[in-house]
Amino acid sequence: MSVLLILCILLPATSASSETLSESDVNEQYRNARFYLNQLQSESKGGTTREQWLRGARNFRLVYLSHPRSDLAPRCLFMLARVHRQMFTIFHKKRDLKETITYYKDVIRLFSASNLADDACYALSDLYMKQKHDPKKAGDYLRRIVEQYPQGDMIPRAEARLKQLSLDFDIPLPQVMISPRGDSSQLNAMRPVKYWSSSNYTRVIISGTNPVNYRTRNLPATAQQPARLVIDFANSYIEPRYRRPVPIKNGLLRQVRTGQFTPDTVRVVLDIDSIDDYDIFSLPDPYRVVIDVHGKATELPRQVPTGNIRLADETGVSAQNIQVIHPVNHKIRYAAAKGKTTAEARNPPVNIPVLHDTKKRMYEYSSAGFHSKPVFSLAQQFGLGIKKIIIDPGHGGKDPGAMAFGLQEKDIVLQLAKKLAPILEKELNCEVILTRSDDIFIPLEERTAVANTNGHTDADLFISLHVNAHESASITGIETYYLNLTRDPEAMRVAAKENATTTHQMNDLQELLSNIMKNSKILESKRLAETVQRAVIEGEKKRGVTIKDLGVKQAPFVVLIGAKMPAILIEAGFISNRKDSKNMTNPAWLESLAQEIASGIKSYTQSIKAVK
């Protein structure tokens, strides 16, 4: 006689609805029901009948109906679901699948606080995925686990399956799985990519919620594919709505493709006409990765500008592509791996830099000039002219800049820029573009991109206008900066203020700049800064205005990073000084200052044309 037949004789044959078990018999009856099911499962391969399985289900139903509020009640419902699921697997009856789903749902509905509720959610997710072929419904039950049962034992499996569903079926992840402030157990959410592109230069900015590690690969062009720059961001996620290619086709950059490459890796691919070399660096708070790609220029049809003074066109600023990253403070730069086949050339690692301070130099003027022997730059040697100038009024919008005596830096520098632009247009017969013409906020790294990619011809000069501030109201004077490293605390203080970061972050940034800066641009920027600073100081003296000459300095200003042209930053006085701030409210003083800056730029232009 088989074990199942013996159990059928020993277990009550009455229906669950007609018999009530005493409380003392509940545990014993539940154990007998489990024993019967175990024997049923062990003999199922040898052949079992549907009636035997139905009896196994009735055994658990009897216990549940007798004590529906006991600790065993959710277990009985859960076991009823398991029995019917096994019946569906063996006998392929749709009503068994329906009963399975109903019992699992009952566990969740009636016993949401039970430790079996999250198991029931996971089981339902599995059913809807495998039997119902409904990934969205499967995702809903997994989402319920991570949102309602964060301490349950199904969390790791639910999160892993949600990531896979998001990868395979573009199902959004619940916000609870996205880290707001750097929790290593959560994913970093990528944000939409921003880009600027010209015929031989592209800047792409990828930002997100937290610092992440990333790796890059440069893939050469093939018969089917253009050259590609691939960036993989670890432990990251991008919303499905941003997972689509964005065609550009307006310069060096053809297309940006962003997608969920693996369940926890976001891949960004830049399809580029040609890659000579590229720079990658990251900036903190908010974290973002900036990618500058340099390529061989391709001839594009020239367009006649509609006006000399205009706001930079921002129609290409917000590519709908990704939403991210907050990258780690590190920097890499290397030439494109032409012909290299080593793994290191294809996938160079990103390393956290070892920081080294560099000595600050402050340039003072003398009648003898800066050099005992003439040193001619490349611009001077080639006699290059100036056709386009970018003027960048600092700050704007939500970023007021320095404030004192009821004044805001953003307003003062915008007035100064609007006075400077027509003077330059008239005296240099060049095109002048403002990065902003009203009170709007533009991130620092975007201002440089505007200068590098505006129109079909590169800008020749980049002039960023600011006013300074100091905790001591007695500090006054004008100074001009160009991009370079420094260890001078005062220069770092000014850079930190203009970069809206802390001094510690600026220390980190110094090493990141070391490979970004081009010697030719540093030299030209230094010459431009010297000429403008001299013109301003001499002009003030001729007008009988006493102003302190703070000289030409170098510092790591984010707004100047990656500029392809000579670039300087002017600090036109201290808003925190009462006399300086009074001057800043005087339209005549601003007009004179604009004329002096223009005079310095004109002198620089003439110096690179007329080399004796």
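What follows is a chat about this model, which is a predicted one.

Q: Let's start with strand β20. Which residues does it cover, and how many of them are buried?
A: Strand β20 runs over residues 549–555, and six of its seven residues are buried, so the strand is largely enclosed by the rest of the structure.

Q: How does β19 pair with β20, parallel or antiparallel?
A: Parallel, over five bridges, with β19 covering residues 478–483.

Q: Which residue does Asp126 form a salt bridge with?
A: Lys130, with the closest N and O atoms 3.2 Å apart. Asp126 and Lys130 both sit in helix α6, four residues apart, which is about one turn of the helix.

Q: And is Asp126 buried or exposed?
A: Asp126 has a relative accessible area of 10%, so it counts as buried, the cut-off for that being under 20%.

Q: What about Asp273, which residue does it meet in a salt bridge?
A: Asp273 meets Arg254, at 2.5 Å from N to O. Here too the pair links distant parts of the chain: Asp273 is in the loop between β9 (265–272) and β10 (277–283), while Arg254 is in strand β8 (residues 253–262), 19 residues away.

Q: What relative accessible area does Asp273 have, and what about Arg254?
A: Asp273 comes out at 29%, so it is partly exposed. Arg254 is at 39% and counts as partly exposed as well.

Q: You mentioned β8 and β9. In what order do the strands of their sheet run?
A: It's an open sheet of five strands in the order β4-β5-β9-β8-β7, with antiparallel pairing. The edge strands are β4 (214–219) and β7 (246–247), each of which pairs on one side only.

Q: How many bridges are there between β5 and β9?
A: Eight, in the antiparallel sense, with β5 covering residues 227–234.

Q: New topic, cavities. What volume does the second largest cavity have?
A: About 30 Å³.

Q: Which residues line the second largest cavity?
A: Ile478, Ile547, Ala572, Gly573, Asp580, Asn583, Met584 and Trp589. That lining divides into five nonpolar residues, two polar and one charged.

Q: Which element gives the most to that lining?
A: α16, with three residues. Both β21 (567–574) and α16 (578–584) supply at least two lining residues each.

Q: What about cysteines? How many disulfides does the count come to?
A: Zero disulfides. Looking at individual cysteines, Cys121 is buried, with a relative accessible area of 0%, and Cys430 is buried too, at 2%.

Q: Last topic, backbone angles. What is phi of His92?
A: Phi of His92 is near 60°, a positive value in a residue other than glycine. For context, most residues other than glycine have a negative phi.

Q: Where is His92, and is it buried or exposed?
A: His92 is in the loop between α4 (73–91) and α5 (94–110). With a relative accessible area of 60%, His92 is exposed.

Q: And His133, what phi does that have?
A: Phi of His133 is near 55°, again positive in a residue other than glycine. His133 lies in the loop between α6 (117–130) and α7 (135–148), and at a relative accessible area of 63% it is exposed.

Key. Residues numbered from 1 in each chain as written. Predicted model: local features only at pLDDT ≥ 70, side-chain atom pairs only at ≥ 80, totals over all residues. Heavy atoms only, no water. Buried < 20%, exposed > 50% of the residue type's maximum accessible area, 1.4 Å probe, protein only. Pairing = 2+ DSSP bridges. 1 Å grid on protein atoms, 1.4 Å probe; cavity = no way out; pocket = protein on both sides within 12 Å on 5 of 7 lines; lining within 4 Å. Points joined across faces, edges and corners; volume = space filled by probe spheres on them. Nonpolar A, V, L, I, M, F, W, Y, C, P; charged D, E, K, R; others polar. Disulfide = S-S within 2.5 Å. Salt bridge = Lys/Arg side-chain N within 4 Å of Asp/Glu carboxyl O.
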